[in-house]
Amino acid sequence: MTESRSVPGPAADADVPAFWRALGLPGLIDVHVHFMPPRLMEAVWEYFAEPGPLIGHEWPVRYREPEEARIARLRDMGVRAFSSLAYPHRPGMAESLNGWLGGFAERVPETLRTATFFAEPGADGYVRRALDEGARVFKAHLQVGGFDPRVPELDGVWGALADAGTPVIVHAGSGPVANGFTGPGPFGEVLARHPRLTAIIAHLGAPEFDGFFALADRYERVRLDTTMSFTDFSGHSLGGFPESLLPRLRELGLDGRVLLGTDFPNIPYPYAHQLEALAALGFGDAWLRAVCWEGAAKLFDLQ
Ligand SMILES: [Zn+2]
């Protein structure tokens, strides 16, 4: 360990600005935030309220409030840039979601303009269009979508994203419940075909941490996001992170390849708890700076 000092994590959301200021940062960048059309958001919250087969346990969403209130919270905490992840659970809805997400990015300047896709004919056409319109990050949800990332309809999508160097946040881990084509195997085959793809593996790949960290070792553009990791809640929903990977987590973080993600607003604990959980790892201030700001600032070219 070259640095043992760690700024303490914030105890409450109101303490979040003091946390990033103590680190000497201009704020936070959160790559894993959800904003979606209000009716879809309500449907997601209903699903969390009465856990269905893809969740498996109680999940009381803490920030179930109007969009304006959620945007204001992020601003108050000093989250200077955030994604607006939305994802289709069936064919035929990605394109209209992308239209809504484009409008959201125009209304909310902190947004990293986000787009999504489903495994369906025509996906590469609307993905290219989203890229032309300025999408800066994509979301692929293999767990909810239940589709195979290796299908021919998506080959052009992965290729276009790799060529553009535009990151795609992939929920490919089998948490909270295995479904469809999750796990490092299927997505590993996508990376083998498209080794230059800038994939951000959500939730550090939980619960298949070893397999996804092996992909990060093999493909230098692969990143991991911290979403829900090390929180009190993740012990129940996402499985335990293996101690043997902690040194690698530290190295990848210092390298700018571990990015702050939170799943706001769909979390059952205060936003601050994610930061507290990361600070509690004791990896030091340089690691926290890299994870909470520098890695994403470099990836998205933010000042
Ligand atoms: Zn999420």
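Predicted model: local features only at pLDDT ≥ 70, side-chain atom pairs only at ≥ 80, totals over all residues.

Colleague: Which are the protein donors of the zinc ion?
Modeller: His32 (NE2), His34 (NE2) and Asp263 (OD), at 2.0 to 2.2 Å from the zinc ion. Donors are N, O and S atoms within 2.8 Å of the metal (3.2 Å for Na, K and Ca); water is not among the atoms, so sites may look incomplete.

Colleague: What spacing do the donors follow along the chain?
Modeller: H-x1-H-x228-D.

Colleague: Are His32 and His34 buried or exposed?
Modeller: Both are buried, meaning under 20% relative accessible area, with exposed over 50% and partly exposed in between (1.4 Å probe, protein chains only).

Colleague: New topic. How many residues of helix 12 are buried?
Modeller: 8 of the 9 in residues 271-279, including His273 and Leu275. Helices (H or I, at least four residues) and strands (E, at least two) are DSSP runs, numbered from the N terminus.

Colleague: What covers the buried residues of helix 12?
Modeller: Among others, helix 3 (67-77), strand 2 (79-83) and helix 13 (285-300).

Colleague: Why is strand 2 largely enclosed?
Modeller: Because 4 of its 5 residues are buried.

Colleague: In which sense do strand 1 and strand 2 pair?
Modeller: Parallel, over 3 bridges; pairing needs at least two bridges found by DSSP. Ile29 stands opposite Ala81 in strand 2.

Terms used:
Residues numbered from 1 in each chain as written. Heavy atoms only, no water. Contact = heavy atoms within 4.5 Å.
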